[in-house]
Amino acid sequence: MKIQKFNRYKQNTPLCKFCIERGGSIYPIDPSGINKKTNPGFMNPAIMVYNNNLIGILRTTNYILNVAEQHKYTHSYGPLLYVHRENDVTLRTWNYFLEFNEDYSIKSCIEIDTSYFDKPPKWTMIGLEDARLVHWDNKLFVTGVRRDTTDTGVGRMQLSELQVNNSTVKEVSRVRIPAPGADNTYCEKNWMPFEDKPYTFLKWSSPTEIVEFNNEKTKVVSNSGKNHYTGKKDLRGGSQLIKWGKGHLAITHTVDLTKNYLMRKNGIYLHQFAYYEDSTLKKVTKDFSFLAGRTEFCVGMCKFKEKVIITFSYHDNLAFLLETSEETITEFMRENGHST
């Protein structure tokens, strides 16, 4: 890791500010159905259109992430660390299924029942992390990474079908997705699902690698073979890939892990709009934040009633929904983007 100086971080124009100045709106996602004493952290909300309504997933945890913005009030163990209870130092995740009202308030909030498939965890990172929503072959799925099935924390993407009733949401199938080829990598995560291509994911952004899972094996169906991205960091997965013009649009992220002057861990997460056409990365924007925070994350984006809806978290402790227009996103990409 690099040693980070105090004046190193200079924030770009936040996306939320850009959108609000052009008529967009931001809404907190704060469901009353979550016990915040038991689940103090909630983050990484997913979003999609299902039966002409907005639904989502909200990740909750048993810890709080402490982030020292502008290096103020840093903890003795560093500016970025997990705060646990004394009797539980694991990183546990639970996921809640959300239904939204027309005004983006929460209509219902139900914890997803995963009990049928759960087994005693073998690793300290427990549960399905960063779940994204997709609707494939008339089935509703969540897909994210799980790392608690081995005693070394090997991570693999997981595909779980949900059955939604009036008062319950149950996981009715669970499949661990192997990596393509020898399946011998340590941690696979942040694969971005295509909203309109069943069981298809964008595994790597550049060189672009698209994979397809057939319920048993994962195969590479497209590999551009060329790095079209000139940035210094990897473009990592974020939202689903939604249809956009002749291709697909996603929000990706980069992470800059550093150390402060005391050699304590720190990090900066920034985001990019990435446009793909013919299975190749064609354009990517400059880095942006949502609310000028150092640790933000996005796993959800969709089109809804002539609007673009983006969901994201701030410091792993707050969740928000941004409503804007396609024209605003296009303008943002034009002003902040560049061809690869």
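Which residue in E11 stands opposite leucine 128?

1. Arginine 146 is the residue of E11 that stands opposite leucine 128. This is a predicted model, in which local features need pLDDT of at least 70 and side-chain atom pairs count only at pLDDT 80 or more, while totals for chains, interfaces and linings use all residues. Residues are numbered from 1 along each chain as its sequence is written, and side-chain values use heavy atoms, with hydrogens and water left out.

2. E10 (residues 128-136) and E11 (residues 139-146) run antiparallel and are joined by seven bridges. Strands (E, at least two residues) are DSSP runs numbered from the N terminus, and two strands pair if DSSP finds at least two bridges between them. Two residues separate E10 from E11 in a hairpin, and aspartate 137 in the turn has a positive phi of about 50°.

3. Eight of the nine residues of E10 are buried, so the strand is largely enclosed by the rest of the structure. Buried means under 20% relative accessible area (1.4 Å probe, protein chains only).

4. Aspartate 88 lies in the loop between strand E6 (80-83) and strand E7 (91-100). Its side chain makes polar contacts with the side chains of asparagine 62 (3.1 Å) and threonine 90 (2.5 Å). A polar contact is a pair of N or O atoms within 3.5 Å; within protein, one must be able to donate a hydrogen and the other to accept it, and residues adjacent in sequence count only if both atoms are side-chain atoms.

Definitions and conventions: Helices (H or I, at least four residues) and strands (E, at least two) are DSSP runs, numbered from the N terminus. Buried means under 20% relative accessible area, exposed over 50%, partly exposed in between (1.4 Å probe, protein chains only).
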